[in-house]
Amino acid sequence: MTSAEMRCALAVAERHTLPVPRSEHEPDHVLASREVYDHSAEQYLEAVGSVVSPDFEAAIDVAVLTSFAQELASAPAGPVVDAGCGVGRITRFLADAGLDISGVDFSTAMIEAARSAHPHLRFDVGSLTRLPSPDHSLAGVVYWYSIIATPPQDLDAVWEELDRTLSSSGRTLVAFQAGQNDLIETPNAYGSATTLELYRHRVDDVVHSLEQAGFDVLVEVRRKAALKYETTPQAMLVAQRRQG
Ligand SMILES: C[S@@+](CC[C@H](N)C(=O)[O-])C[C@H]1O[C@@H](n2cnc3c(N)ncnc32)[C@H](O)[C@@H]1O
């Protein structure tokens, strides 16, 4: 990041004062993964870029994102949150598709990079279990590869926060690397002193946990590894609050 870009990021950061203070009571895995993402934000931006691209999203992924945006556009209007937004690639894609969307991430460095890359969009520090949104205020919540640092047994807490923030007609989109709940440990991830722990969630378990939390899964897309950096199948789910 150049010094001019850094100044811009800091100026934007000042405008968006952080509504969610960092909690000392977060589990160790949350603190560890946040440390790694803080450490890796610039490398992530360099490697993946700040917008959706065919190197990192297959055509079917883009179709799912586009269809999600279209469905929300024809539902009662409301704000949408990109939860675990990273540098704001998906936030930007869905904003360009017409959604009133902001990004949330627990990594301050990711949020600063997102603000710098997309100065016209709003980004806040927050966590999947503590979104900076009032009760039942959101028309949509997107988790695009952001539940991968959450252990399977902790997904319930994520869906509890979804339940608190989503409106009665709201929808959620969840994407992740699929597996058998395998834990992939990367010591000294991105040159940090920390071990990054990522999970390849079992699709049926994620579906079940959403159903247990009161959501119906409307769309379930599973695809094989297709992009050059992928080694596992990928899954995308669209769910809404159980009606009636
Ligand atoms: C693989 S990146 C994906 C970023 C973005 N969604 C994208 O597709 O470019 C995962 C992101 O989720 C964020 N994240 C992971 N666990 C989180 C949590 N519990 N609360 C908030 N953000 C989280 C990380 O900081 C990171 O920016």
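## Ligand shell

The ligand is surrounded by 19 residues, of which Tyr 37, Gly 84, Gly 86, Phe 106 and Ser 146 are the closest; a residue counts as near if its C-beta atom, placed from the backbone, lies within 6 Å of the molecule. This is a predicted model, in which local features need pLDDT of at least 70 and side-chain atom pairs count only at pLDDT 80 or more, while totals for chains, interfaces and linings use all residues. Residues are numbered from 1 along each chain as its sequence is written.

By class, the shell around the ligand holds 10 nonpolar, 7 polar and 2 charged residues (nonpolar: Ala, Val, Leu, Ile, Met, Phe, Trp, Tyr, Cys and Pro; charged: Asp, Glu, Lys and Arg; polar: the others, Gly among them). Helix H2 (28-48) and helix H4 each supply at least two residues of this shell, and H2 gives the largest share, 3 residues. Helices (H or I, at least four residues) and strands (E, at least two) are DSSP runs, numbered from the N terminus.

## The sheet

Seven strands form an open sheet of mixed pairing, in the order S3-S2-S1-S4-S5-S9-S8; two strands pair if DSSP finds at least two bridges between them. Strand S3 (123-125) and strand S8 (215-223) each have a single partner strand, so these edge strands are left without a neighbour in the sheet on one side. From one strand to the next, the twist averages 20 degrees.

Within the sheet, strand S1 (residues 80-83) pairs with strand S4 (residues 138-144) in the parallel sense over 3 bridges. Val 80 stands opposite Gly 140 in S4.

## Helices across the sheet

Helix H4 (residues 89-96) lies across S1, strand S2 (101-105) and S4, and runs at about 170 degrees to S2. Helix H6 lies across S4 and strand S5 (166-177), at about 150 degrees to S5. Axes are lines fitted to C-alpha atoms, for helices over the stretch in contact, and angles run from 0 to 180 degrees between N-to-C directions. Two residues are in contact if their C-beta atoms, placed from the backbone, lie within 7 Å.

## Packing of H6 and H7

The axes of H6 (residues 155-165) and helix H7 (residues 203-212) come within 9 Å and cross at roughly 45 degrees. H6 is therefore oblique to H7 (under 35 degrees is roughly parallel, over 145 roughly antiparallel, 65 to 115 roughly perpendicular and the rest oblique).

Leu 155, Asp 156 and Trp 159 in H6 meet Val 206, Ser 209 and Leu 210 in H7. This contact comprises 4 nonpolar, 1 polar and 1 charged residues.
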